[in-house]
Number of protein chains: 2
Amino acid sequence: MTALDHLPYGVFSTSDRRPRAGVLVDDRVLDLADAAESGLLDSDPSLYAQPALNAFMAAGRTVWRATRDALRDLLQDEVEALVPLAEARLHLPFEVADYVDFYSSRAHAENLGRLFRPDSQPLTPNWLHLPIGYHGRSGTVVVSGTPVRRPSGQVKPPDADAPAFRPSARLDIELELGLVIGTPSDLGEPVSADQALEHVFGVLLVNDWSARDLQAWEYVPLGPFLGKSFATSIAAWVTPVDAIPRVAAAPQEPEPLPHLRAAGRAVFDIDLEVDLNGETISRSSARNLYWTAEQQIAHLTSNGAALRTGDLLASGTISGDDPGSRGSLIELTWNGAEPLELADGSERTFLEDGDEVVLRARTAGFALGEVRGRIEPTA
Amino acid sequence: MTALDHLPYGVFSTSDRRPRAGVLVDDRVLDLADAAESGLLDSDPSLYAQPALNAFMAAGRTVWRATRDALRDLLQDEVEALVPLAEARLHLPFEVADYVDFYSSRAHAENLGRLFRPDSQPLTPNWLHLPIGYHGRSGTVVVSGTPVRRPSGQVKPPDADAPAFRPSARLDIELELGLVIGTPSDLGEPVSADQALEHVFGVLLVNDWSARDLQAWEYVPLGPFLGKSFATSIAAWVTPVDAIPRVAAAPQEPEPLPHLRAAGRAVFDIDLEVDLNGETISRSSARNLYWTAEQQIAHLTSNGAALRTGDLLASGTISGDDPGSRGSLIELTWNGAEPLELADGSERTFLEDGDEVVLRARTAGFALGEVRGRIEPTA
C-alpha cells in the first residue's frame, strides 16, 4: 500500500493561499488549483479554485476518475511544492446541501429500541422493510477539530412534573459513515439501486453528536430535532469511493421490495473505532450495516425526491453485536447504568466538558480522515 | 391601501433578462438590478443581480428598510420600464438553506393526534411546552406553479401482512405560513425571543404536500421523511415582515419556560384560504398559531444551532377550531371518512391526478403571493 491508494480530497488554506481544493498525499497536500493551472491536470482549474469541493463533485464520475488517474501518475514521481499538512488549515470540505441521517445498523436500532421503548419490540415494524432515515440540520455540520459546545435544552425526567431548561447532562456521540453525493438526480425521477453508486463522490466519517435528554423529551411524534441539531462533525478529507474495497452483504430476511434490491449488494469494508481522551472505547466496522448505500439512495429517491451535489447521507450509528463494538455511549454504558472505566481511573456515562472524542477508520491499509471534537462547557 | 403597502420581493427572468431580483407593484415587476444600476436605489447592484434573493436577505434589516423606503418614494410616481407580470417567468425566490417544519397550530396537532394515535391523548406531553419541529428536505422546495408528481412509496394498510410499493393513494396538502431568515446567527449562540424577528426577512405561503399513507408507515420512530420530501411548494413572492400587521397572541397555559417568553407576544394577522379546483374548501388564519415566530426561532436556536440566510421555517398546518378552517384534507375529510362534496358534484377524500390546489392569503388589504400546484400522475 502507498499513499496513492487513498488520495482523499479536502479544502485547505495557508497563510498565502485562500481556501481551495487539495488532495492529501501522506502528510502533505497537493494544491489542485495550482496543479490544474500549471497544466498538471487535464481539467478546468475553476473546479478546484473554490472554497468547497462542490464544483468538482458536480463534474461527475468520468472527471473524478480522470483526476484520480492523473494524480496517481503525477505522484509516482516526487512533486515539488506540496504543502506540509502542518502548514495547512483544513476547512469544511464541501457545502452541505441536505443532510440525511439513516438508522441502518440493526444492532444499534435494537439497542436504542430497548432503551427508549422498553415495552415494545426493539425494532419498529417498518425497520426490516426500509432504511429508516430523517433530515438533520445541514447548517451546523462542522469540520473535524471544531470545538463542540455543550447544548442546553428542555429536559423532563420521568419523575418531574414539568420540563426544565438546562445544559444537557447526557451528551453523546454517534459513530457513522457518510456518503457524499456528487452528481445530482432529477426531481420526480427515482434512482435505481443499481445506478445509485454512480452519484456518490466519496465517503467520510461522521460524528452525529446527540443530547439524549433533549432527544428523549422532544422526539415524539416528529423525530429528533434539537437533540441533534447543535453540531454534526465530519472529517476534513473525503475518500473517493474507488479507493474503498467492498464486501458482499449478508442476505436480508425478509427480502426487501424490488426497488430496494441491487445486484451484488455490498458494504464498505472499513474498520472503525472510537477514541475517548486517547483511549479506544469501541471497535466496530462498516460491515455491520444492514442497509447499504445503494439501498439508502434508492429509498431516499423512491418518492421522486432529487439528490443534489453536496447531499450528505450518514449511515446512522454503526454498532456490532458485541458490546465492545457499540458506536454510542448510550449503548456502551447501557443508558448510564454500566459506566465505562477509563485508564486514568475515571468513569464515564456520557461526555464531560473537556472530553475529546476521535473517530477513526481504516481500510485497505490506509486511514480515512479522522473526526475530532472536544466538548466545551455551555456558554 | 395601495400596491406600495405590499412590495414583495421575488426572482424573475424574461426573454432578455437572466434571473434577478424584482419587486412586485400591482401586476408589474420592477427590476431591482436595473434600478440599482441606474442609481435609483442607494444600494449595491450586486445584491440584486443574482438568481436568488439571498445576498439581499443577508444584507440585514437596515438595508431592507432603506430599500423599502426608497422603493416607496420611487414608486409614488409613474416609473418607466416596469415588466408586465405576464412577461416574467418567476423562479424560486431564494436558495433554501435549512427547511424546518414546525407543528404550531394546536387544533391541527389535536386533530392529527386523534387520527394517528387514537388510543392516546391528542397532544403529546411535550406539545404545550415547546414548539415541536423537524427538518424537511430543502432540495425539493419548488416555486408556486411547479407541477407536483404523485409520489410512490411503501405503504402498509393495517390489515396487510407486509408493505407494498405503489403510488400514494392519500396525497394531501398542508396550509402553512413560512418565515424566511435573512441575517444569520452564530453557532453556539442562542437567539432570544425578543431579538428573533430581527433575523426575519419576510414571510410567504407554503404548501407542505404530504403522502399520508407513506407517512403513516415510516414515521415511527424518527419522524416524517419520504411522506413529505417529494415536494414542498412556496410562493414566488416574499412579503417583507414590515408589511404585515401583527396582533396580540392569546396567553399560553402553562406559561412556557423563560427562554420562550417574549414581550408582547404577537401573531401575524393574515387570513388564509385553500382553493381546490377553483373552489374554496377551507378558510383559516395565521392568528390560529399557538407558537409564534419569535418562539419558534428562540426554540430552534436554544441549543446553539445557528440560523443561516435562506433558512425556511414553516409554521406547520394552520387549522382553526371550526371544521371549515382545517388546513389539510386529512382533517377536512376526517381521514377520508367524510368526503368533501365539490360544486361539480364530485367528491374528494385526498387529491386526484389533475387536481389543482391554490393557497391564498390576505392581510392589510393586499394578497400575499399565492402557492399553486397541480397533481401529475406517477411516472
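In this predicted model, Leu24(B) stands opposite Val29(B), which belongs to S3(B). The two strands concerned, S2 (residues 17-25) and S3 (residues 28-31) of chain B, run antiparallel and are joined by four bridges.

**Strand pairing in chain B**

- S2(B) and S3(B) make a hairpin with two residues between them.
- Within that turn, Asp26(B) has a positive phi of about 55 degrees.
- S3(B) also pairs with strand S4 (residues 83-84) of chain B, in the antiparallel sense and over two bridges.
- Arg28(B) has Pro84(B) as its bridge partner in S4(B).

**The sheet in chain A**

- Five strands of chain A form an open sheet in the order S4-S3-S2-S1-S5, and the pairing is antiparallel.
- S4 and strand S5 (89-91) of chain A are at the edges with a single partner strand each, so one side of each has no neighbour in the sheet.
- In general, strands of a sheet pair through backbone hydrogen bonds, either parallel or antiparallel.
- Strand S2 (residues 17-25) and strand S3 (residues 28-31) of chain A run antiparallel and are joined by four bridges.
- Val25(A) has Arg28(A) as its bridge partner in S3(A).
- The hairpin of S2(A) and S3(A) has two residues between the strands, and Asp26(A) takes a positive phi near 55 degrees there.

**The interface of chain A and chain B**

- Contacts involve 56 residues of chain A and 56 residues of chain B.
- The two chains bury about 5200 Å² between them, with 62% of this area on carbon and sulfur atoms.
- Arg137(A), Leu222(A) and Phe225(A) supply 16% of the area that chain A buries against chain B, more than any other three residues.
- The interface has four salt bridges.
- A salt bridge links Glu189(B) and Arg149(A), whose closest N and O atoms are 3.3 Å apart.
- On the side of chain A that touches chain B, at least two residues come from each of strand S6 (99-102), strand S7 (133-136), strand S10 (152-155), strand S11 (164-167), helix H5 (212-218) and helix H6 (293-301).
- S7(A) gives the largest share of that side, four residues.

**Glu176(A)**

- Glu176(A) lies in strand S13 (residues 175-181) of chain A.
- Is Glu176(A) buried or exposed, and which side chain of opposite charge is nearest? Glu176(A) is buried, and the nearest such side chain is that of Lys228(A), 5.4 Å away.
- Glu176(A) has no salt bridge, because a salt bridge requires the nitrogen and the carboxyl oxygen to be within 4 Å.
- The side chain of Glu176(A) does reach the backbone nitrogen of Thr317(A), at 3.4 Å.
- Leaving aside neighbours within four places in sequence, the residues in contact with Glu176(A) include Asp101(A), Leu204(A), Leu205(A), Val206(A), Asp208(A) and Leu359(A).
- Also among them are Ala314(A), Ser315(A), Gly316(A), Thr317(A) and Ile318(A).

Terms used:
Residues are numbered from 1 along each chain as its sequence is written. Chains are lettered from A and ligands numbered from 1 in the order in which they are written. This is a predicted model: local features need pLDDT of at least 70, side-chain atom pairs count only at pLDDT 80 or more; totals for chains, interfaces and linings use all residues. Side-chain values use heavy atoms; hydrogens and water are left out. Buried means under 20% relative accessible area, exposed over 50%, partly exposed in between (1.4 Å probe, protein chains only). Lys and Arg count as positive and Asp and Glu as negative; His and the chain ends are not counted. A polar contact is a pair of N or O atoms within 3.5 Å; within protein, one must be able to donate a hydrogen and the other to accept it, and residues adjacent in sequence count only if both atoms are side-chain atoms. Contact means heavy atoms within 4.5 Å. Two strands pair if DSSP finds at least two bridges between them. Buried area is the accessible area (1.4 Å probe) that two parts lose on being put together, summed over both.
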